[in-house]
Amino acid sequence: MAQMFVNGEWSDALSGETYVVKNPANGEAVDSVPLGGVDDAQAAIEAAKAAFGGWASTAPDERANLLRAGIAKVKENMRDLSLLLTKEQGKPLMEAGGELHHFLHGMQFYADLVSKIRGEMAPLPPAMNPKSYGVLMPFPVGVSVGIVPWNFPITLMGTKVGPALAAGCPIIIKPASTTPLTTLKIVSLLNEVGLPPGVLQCVTGPGSTLGNELISHPDVRRVALTGSSETGQRVMQVAGPKFKRITLELGGSDPMIVCPDADLRKAVNGAMIGRFWNAGQACLAVKRLYLFEEIYDEFLAALLKKVERYEPGDGQTKAEKPRIRMGPLHTESQRVEVQDQLADAVERGAEVLVGGTIPDGDGMDKGYFYNPAVVANVSEQSRLVTEEVFGPVLPVFKVSNLDEAIAKANASAWGLGASIWTNNMKWANQAVREVESGMLWVNQIHYGYDEMPFGGVKTSGIGREHGPEALDYYLEPKSVVFGGLD
Ligand code: NAD
C-alpha cells in the first residue's frame, strides 16, 4: 500500500482509511492509498509552517543543489516511474516518458534560477530626505499548496514544486484522487536527497474535504490550482476572501486557424498531436479547428488519414507501425461525457467523419477506450463548441476569411491557447493582436515551454505558471526605504 509523505515521513491517513487506484486500461487495482481528510491536511500545514523559516534562509546554492540532486534521483528511476504513470493514468508509455522529461526540464529550469532571484533599487525624490533610496526586496510568501489534476499529474506538480522550492517556500502537493501514485514516488525521491522535513509534502484524498482544508487554512499563504474552471471558482470563493495569493490554471477550448498559404503537412501534424495527445485530455489542446475554405477538403483528407492510424489500447503495449497507440480515457464518466457531447452535436446536424465509437475487440470492454473522432458541420450552439471537450473529438469548421475565423475563435468562454498557421505576416500579426488567449503559436504545435509564462484569460484562469514569472507568485516584494547613512 502507498502512503502519504508528511513531515519527512511516510504515513497513513489519521483515520486509517484507504481507497484503491485503478488502471483505466483494465480496471485492475494498481495500489491503494490513504484517504486523507481535514486533520491530515492540518498536520501537513503545521509541518510546512515549522519548516518555512529554515528553508527560506537556506543558502540559494544549497537549495539549488538539493533540487539538482533530487532531479538526478528521479532520472535514475525513469523506467519504473513511466510504467507507474501509465498504469494509474492510462497514457501510453512513450507519452508518460515524455511527461517525466518535461517535468525534469522544468525542475532544472527553477534549480538554475534559485541563485538569480534579486530585487530592484528605486531612486526616490529628495523632498522627504535627500539621501533616501528605495529597495524592493523579494521574500518567500510562506506555506504554499499545489492542487493538481489527473491529466498531466507530474508536469503540473512540477510547475508548482519547482518555483515554490526555488523561492524558499515549503509546498504541500495534493494530487487528483485518481493519480496519486507516481506523485508520491517522486515526492519521496526529491526528499531522499536531504530536503528538511515539511519542505515538500504530499497528501492524498478528496478535493472536497482535504483539498478544501488546504485552500482555506489561515496558515496557507499561496494556492496554486490546475483544474477545471468550476474548481477554480470554488478556490476563489474559499481562498479569495482570505486574501491568499492564488493562481488558477483552468480549462480551455483552443482554436486553431489554418490559412490557405499554410504548410499543410505541418499544420495537419499540429492538429493531430494538438487534439489527440493524451487521448485529448489536455487543457492546452486544439479543441476547435477553423480551416479556410480554399484548403478545407485537402486538409481534412490528410487529417482523416492520420487519425485513422490511431489504435486505442493499453498504454503499456505499443501499436504496430504505422498504427499509433492511444490510451484509454481516464475514467468511465470522462468517456460518457465525451460521448454525450458528441451525441449532442450529431442531434444538431453534425457529421462524424471518423471515429466516435467504442472499439470492440480483445480486452476493449475492460478499459475506457474510445475511437478518436473528427466532426464536420458542427453547430456553434452544440456542446462541442460551448463546453470544454476533454477527450479525442475534434470539430472542424470552414471559414472564408480571417475576420470570420477570429470572431468564431473568440466566441468562447475560454482563452487559454490558440494557434494560427500562415506565412503571411499581416495575418499572423492580426491574430496576435485580436485572438483572446494567454498564449498564441504561429506555425507551431500548442506546447507549454518551461521558459515562457503559461496561463489563460477569461474562464481559463488567473496568473501564470512557467518562466521566471512563476517565481513572482511565490515571492512578496517588500518595499524598503533607506533614509541614507549619516
Ligand atoms: P478538477 O478541477 O476536478 O480537479 C483538479 C484538482 O482539484 C484535483 O486534485 C481535485 O481533487 C481538486 N479539487 C476539487 N475540488 C476541490 C476543492 N473544493 N478544494 C480543493 N481542491 C479541490 O479537474 P480535473 O478533472 O482533475 O482536471 C481536468 C481539468 O483541468 C480540465 O478542465 C482541464 O482543462 C484543466 N487543466 C488545466 C490546465 C492548465 O494549465 N490551464 C492543465 C491541465 C488541466
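**Notes on the ligand site and the cavities**

1. The ligand has 27 residues around it, and V148, T231, L250, C283 and E388 come nearest; a residue counts as near if one of its heavy atoms lies within 4 Å of the molecule. Bear in mind that this is a predicted model, where local features need pLDDT of at least 70, side-chain atom pairs count only at pLDDT 80 or more, and totals for chains, interfaces and linings use all residues. Residues are numbered from 1 along each chain as its sequence is written, and side-chain values use heavy atoms, with hydrogens and water left out.

2. Now the polar contacts (pairs of N or O atoms within 3.5 Å). The side chain of E388 has an N or O atom 2.6 Å from a ligand oxygen, and a polar side-chain atom of K174 is 2.9 Å from an oxygen atom of the ligand. G207 uses its backbone instead: an N or O atom there lies 3.3 Å from a ligand nitrogen. On its own the ligand has 850 Å² of accessible area, and the protein covers 88% of that (Shrake-Rupley method, 1.4 Å probe).

3. Where does the ligand sit? It is in the largest pocket, a pocket being an open set of points on a 1 Å grid over the protein atoms alone, with protein on both sides within 12 Å along at least five of seven lines.

4. Helix 7 (207–216), strand 10 (222–226) and helix 8 (229–239) each give two or more residues to the ligand shell, and helix 7 gives the most, with 4 residues.

5. On to the cavities, sets of points where a 1.4 Å probe fits but cannot get out. Helix 4 (93–113) and helix 5 (153–167) each supply at least two lining residues, with helix 4 giving the most, 5.

6. The second largest cavity holds about 40 Å³. Among its lining residues are D254, R288, W414 and K458, and the lining splits into 4 nonpolar, 4 polar and 4 charged.

Note on methods: Polar contact = N/O pair within 3.5 Å; in protein donor to acceptor, adjacent residues only side chain to side chain. 1 Å grid on protein atoms, 1.4 Å probe; cavity = no way out; pocket = protein on both sides within 12 Å on 5 of 7 lines; lining within 4 Å. Sits in = over half its atoms within 2 Å of the grid points. Points joined across faces, edges and corners; volume = space filled by probe spheres on them. Nonpolar A, V, L, I, M, F, W, Y, C, P; charged D, E, K, R; others polar.
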